[in-house]
Amino acid sequence: MPPFLRSLIQKNRGIITECLRRHSSLTSQQFENMDKKATWDRFYAETNRDRKAFENFEWFFGFSSVRDIVLPLLPANAPSDQLLQVLDLGCGTSALGPSIFRHCPVAVHVTCADISPVAVELMRVHARAHAVEPLSPSSRLEFIELDCTRLHERYRPGSVDLIVDKGTIDALLRSKEGKGQAGLMLRQCLEALRRSGSMVQFSDEDPDARLLWLETEAKERGVMLADVGVQDVGELGGVCYYCYHLSPRSVVEQS
């Protein structure tokens, strides 16, 4: 069994078991078609249909596992009149984006984006019913429907300070038809980032494979568009997780 599938089952055994009970083909179809909007609409509808109360669904792990990685990437000396732009791309119903909004000491505009309108609406309803106060009173939080391969329709080049990807590129790479979309998503993320910005990917994929893919996809006409690094997140549920960090290169650095 692939580590990605094993980790999802270990972390979310009750939910997946219930889905399998009602729809025996649901999970196998998901892992073949995780690049499809319909897959995620069905998944989030099924996992929340019979619940008495909303529950966040966390791929891999929650905010507490990566808090000390994510928050330091947002500069404490940012201008007080400027909201740092944070994008949680492929947010699903994770609490990661709302937790960044809540715990970041500087003013941020956190956008939680997902291709599934079902997930987005679940998060909107939950946020209205259980509003949280951010550390910075100027901070903002929003949930939007957005295709991760069409960032250019919403974000102009050099406009985002931090992009967080917890399993989105993993899902595309493991789909039958998603590999090209994964590369497109990465390049659009790098274009949307400010030169001082960062993109972090959380994944269970071994660095030998993921670093090679990132370094290949982050090139344009043979020129590297970003510096790429990796650090351990730790072992959870018997699975090792990594944080892949990308920072855009300036024109001077590329020349």
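Student: Which residues line the second largest cavity?
Tutor: W59, D88, L89, G90, C91, S94 and K166 line that cavity. A cavity is a set of points on a 1 Å grid over the protein atoms alone, where a 1.4 Å probe fits but cannot get out, and lining residues have an atom within 4 Å of a point.

Student: What kind of model is this?
Tutor: It is a predicted model, where local features need pLDDT of at least 70 and side-chain atom pairs pLDDT 80 or more, while totals for chains, interfaces and linings use all residues. Residues are numbered from 1 along each chain as its sequence is written, and side-chain values use heavy atoms, without hydrogens and water.

Student: W59 is on that lining list. Which ring does W59 pair with in an edge-to-face way?
Tutor: W40. The two ring centres are 5.5 Å apart, with 90 degrees between the planes. Rings of Phe, Tyr and Trp (its six-membered ring) pair if their centres lie within 6.5 Å; under 30 degrees between planes is stacked, over 60 edge-to-face, the rest tilted.

Student: Are W40 and W59 buried or exposed?
Tutor: Both are buried. That means under 20% relative accessible area; exposed is over 50%.

Student: What cluster do they belong to?
Tutor: Ring pairs join W40 and W59 with F43, Y44 and F57. A search of the whole structure turns up 12 aromatic pairs.

Student: How are the rings of F60 and Y241 arranged?
Tutor: Their centres lie 5.2 Å apart and their planes meet at 45 degrees, so this pair is tilted. F60 is in the loop between α4 and α5, and Y241 is in strand β9 (residues 239-248), 181 residues apart. F60 is buried, at 1% relative accessible area. Y241 is buried too, at 1%.

Student: New topic: strand β2. How many of its residues are buried?
Tutor: 7 of the 7, so β2 (residues 108-114) is largely enclosed by the rest of the structure. V108, V110, C112 and D114 point one way, and H109, T111 and A113 the other.

Student: Which strands pair with β2?
Tutor: Strand β1 (residues 84-89) runs parallel to β2 over 6 bridges. L84 has V108 as its bridge partner. Strand β3 (residues 140-145) is also parallel to β2, with 6 bridges. There, A113 stands opposite I144. Pairing needs at least two DSSP bridges.

Key
On a 1 Å grid over the protein atoms alone, a cavity is a set of points where a 1.4 Å probe fits but cannot get out, and a pocket is an open set with protein on both sides within 12 Å along at least five of seven lines; lining residues have an atom within 4 Å of a point. Buried means under 20% relative accessible area, exposed over 50%, partly exposed in between (1.4 Å probe, protein chains only). Helices (H or I, at least four residues) and strands (E, at least two) are DSSP runs, numbered from the N terminus.
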